[in-house]
Amino acid sequence: MDLAYIPSPSTGVINLGPIPLRGYAFCIIIGVFVAVWYGNKRWIARGGTAGTVADIAVWAVPFGLVGGRLYHVITDYQLYFSEGENWVDAFKIWEGGLGIWGAIALGAVGAWIGCRRRGIPLPAYADAIAPGIAFAQAIGRWGNWFNQELYGKPTDLPWALKITESANREAGLYHPTFLYESLWCIGVAVLVIWADRRFKLGHGRAFALYVAAYCVGRSWTEYMRVDEAHHILGLRLNVWTAIGVFVLAVVYMVISARIRPGREEIVEPKAAKEAADKAAGKTADDDTDPEDAAEGAVTDTLPDTGKDAESSESSDGDVEHGAGNGAGSAAKS
């Protein structure tokens, strides 16, 4: 008798009238909002302006979704293009199947486009959003729970995940690898936040730390999974991918720290210029040339100065005249 386990939802879809609300999509949407919200707070703290993260996310998120789906379809092509399968299912993203490696890679391309349009260095933007992405992954993993997918090996642990029987899975109790990875991602986010504050990470090193730390956790959760996957030398393809990406991330951190130590002083030139103008007492609408303003000020004072000079001369003349008359009278006496 099973005394304790994590139940799976009876369905991954809630129908609100004619509109189906899918748990998988709902988790992804919430994750994106959390990533943008927290990334915006970190961006402002680094000297950027509010709204920049969201503007760039308009480019990064669609690219990331396409990249994540492409990676999944390419690496699990047998699910869609083998005999008896329907290739149209490759477009049914709501049924699950997003590869984080493709999402990050192509999402970075979208972020690069957005950063270029605003004149912002991509590494600085990546550092700001790194913990938010980890939080988004932690939330998004619960979409696998709604779809009853990507679970691990059978287990009798108290936190085992109960899977119901269907056409492509057997009923039973399994390791909840979605939960393991979700908790790991939260830990990664906390690690990046702490290290960023402690060591003032910059030039993309906070993002590289996130990537490296995530790869460590992904390696062991991937190893526990029992869903169909390609194997190379006895290891699942995604395990090899995690190892390779981990090495690249560590190498980047080492080289970046030597070439560009410290953190960027200016992450958004436009924001820095506006702050400098505000400190100098100049508003964005003040287009007056400082030299013209100074010349105008001098010109305005000239008439008054002239009158004062004439008045002074007149007064001096009266004094001299009076003094002359007095001297003359004294001579006549």
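Tutor: This is a predicted model. Start with helix H1: its buried residues are Gly-23, Tyr-24, Cys-27, Gly-31, Ala-35, Tyr-38, Gly-39, Asn-40, Arg-42 and Trp-43. They pack against several elements, among them strand E2 (19–22), helix H2 (52–75) and helix H7 (177–199).

Student: Why is Cys-27 called buried?

Tutor: Buried means under 20% relative accessible area. Cys-27 has 6%, so the word applies.

Student: What makes Cys-215 buried?

Tutor: Cys-215 has a relative accessible area of 1%, which is under 20%, so Cys-215 is buried too.

Student: How many disulfides does a search of the whole structure find?

Tutor: The search finds 0. To count, two cysteine sulfur atoms would have to lie within 2.5 Å.

Student: How do you know that the span of H1 agrees with what a helix should have?

Tutor: H1 covers residues 23–45, which is 23 residues. At 1.5 Å a residue they should span 33 Å, and the end C-alpha atoms are 33 Å apart, so the two agree. After H1 comes Gly-47, with a positive phi near 110 degrees.

Student: What is the span of helix H8, and how much of H8 is buried?

Tutor: H8 (residues 205–224) reaches 29 Å from its first C-alpha to its last, close to the expected 28 Å. Of its 20 residues, 17 are buried, and H8 is mostly covered.

Student: What makes strands E1 and E2 a pair?

Tutor: Pairing needs at least two bridges. E1 (residues 13–16) and E2 are joined by 4, so they pair, and they run antiparallel. One of the bridges links Val-13 to Arg-22. The two strands form a hairpin with 2 residues between them, and Gly-17 in the turn has a positive phi of about 70 degrees.

Methods: Residues numbered from 1 in each chain as written. Predicted model: local features only at pLDDT ≥ 70, side-chain atom pairs only at ≥ 80, totals over all residues. Heavy atoms only, no water. Expected span 1.5 Å × (residues − 1). Buried < 20%, exposed > 50% of the residue type's maximum accessible area, 1.4 Å probe, protein only. Contact = heavy atoms within 4.5 Å.
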